[in-house]
Amino acid sequence: MSLYRKARAYMAFPVAIKLIFIEAYIYLAWGRLFKLFPFAKVAPSLGEHMKETPLTCSEQELGQLRQISRAVHAMSRVTWWESQCLVKAVAAMKMLERRNIACTLYLGSGRDDQGRMAAHAWLRSGPYIITGREGHERYAVVGIFGKEGYASRRAGL
């Protein structure tokens, strides 16, 4: 699809969707910058180490999760920088943090199809895997970072 057709398609979206796409693009850039720093320095910003968040969410939150997932995946295809699993997971986590929705970032390690070591990151909120769903089951979880949302803090979860 040409740049002109992409721009026309984008202009046809409602304003709320355009704003989420812009937010996703900005947070994807932030996620890419995040990768430039030593992991030990930036890890505390990901949430509480080895803490999982609840596997439940409201119907309203589920709609927001789907919308954020679509926006992050769509915008990751048009960035001029690398926007793979960790960048997408960090971007989606920041979007959920803005909305006070609990989420868990998983870091996994495993082997790719050629037998080489590979790493993967995915983000879950409630029962929904927002980013990194593709192939996440092939990786052993080596790190978990949970961030509570406002509703789970209020409920004492």
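The cover over the buried residues of helix H5 includes helix H2 (15–34), helix H4 (59–76), strand E2 (103–111), strand E3 (117–125), strand E4 (128–131) and strand E5 (140–147). Here contact means heavy atoms within 4.5 Å, and buried means under 20% relative accessible area, exposed over 50% and partly exposed in between, with a 1.4 Å probe and protein chains only. Helices (H or I, at least four residues) and strands (E, at least two) are DSSP runs numbered from the N terminus. The model is predicted: local features need pLDDT of at least 70, side-chain atom pairs count only at pLDDT 80 or more, and totals for chains, interfaces and linings use all residues. Residues are numbered from 1 along each chain as its sequence is written, and side-chain values use heavy atoms, with hydrogens and water left out.

Helix H5 comprises residues 85–98. Its 14 residues reach 20 Å from the first C-alpha to the last, close to the 20 Å expected at 1.5 Å a residue; the expected span is 1.5 Å times one less than the number of residues. Eleven of the 14 residues of H5 are buried, and the helix is mostly covered. The buried set consists of Leu86, Val87, Lys88, Ala89, Val90, Ala91, Ala92, Met93, Lys94, Met95 and Leu96.

Helix H2 has 20 residues and reaches 28 Å between its first and last C-alpha, close to the expected 28 Å. Its buried residues are Lys18, Ile20, Phe21, Glu23, Ala24, Tyr27, Leu28, Gly31 and Phe34. Their cover includes helix H1 (3–12), H3, H4 and H5. Glutamate 23 lies in H2 and is buried, with a relative accessible area of 10%. When residues up to four places away in sequence are not counted, glutamate 23 touches Met95, Arg98 and Arg99.

In the loops, alanine 43 is placed between helix H3 (39–42) and strand E1 (48–49). Alanine 43 counts as buried, at 12% relative accessibility. Alanine 43 and phenylalanine 145 are 102 residues apart in sequence, while their C-alpha atoms are 8.4 Å apart in space. Methionine 50, in the loop between E1 and H4, has a positive phi of about 60° although it is not a glycine. Asparagine 100, in the loop between H5 and E2, likewise takes a positive phi, near 55°. Asparagine 100 is partly exposed, with a relative accessible area of 37%. Most residues other than glycine have a negative phi.

The chain as a whole has six helices and five strands, in the order α-α-α-β-α-α-β-β-β-β-α along the sequence. Its radius of gyration is 16 Å, close to the 15 Å that the globule rule gives for 157 residues, so the chain is as compact as a globular protein of that length. The radius is taken over C-alpha atoms, and the rule is 2.2 Å times the number of residues to the power 0.38. Along its principal axes the C-alpha trace spans about 45 × 45 × 30 Å.

Of the 157 residues, 45% count as buried. Among contacts between residues at least 6 apart in sequence, 72% join residues at least 24 apart. The chain exposes about 9,300 Å², of which carbon and sulfur atoms supply 59%; accessible areas come from the Shrake-Rupley method with a 1.4 Å probe, and for residues only the protein chains shown count as cover.
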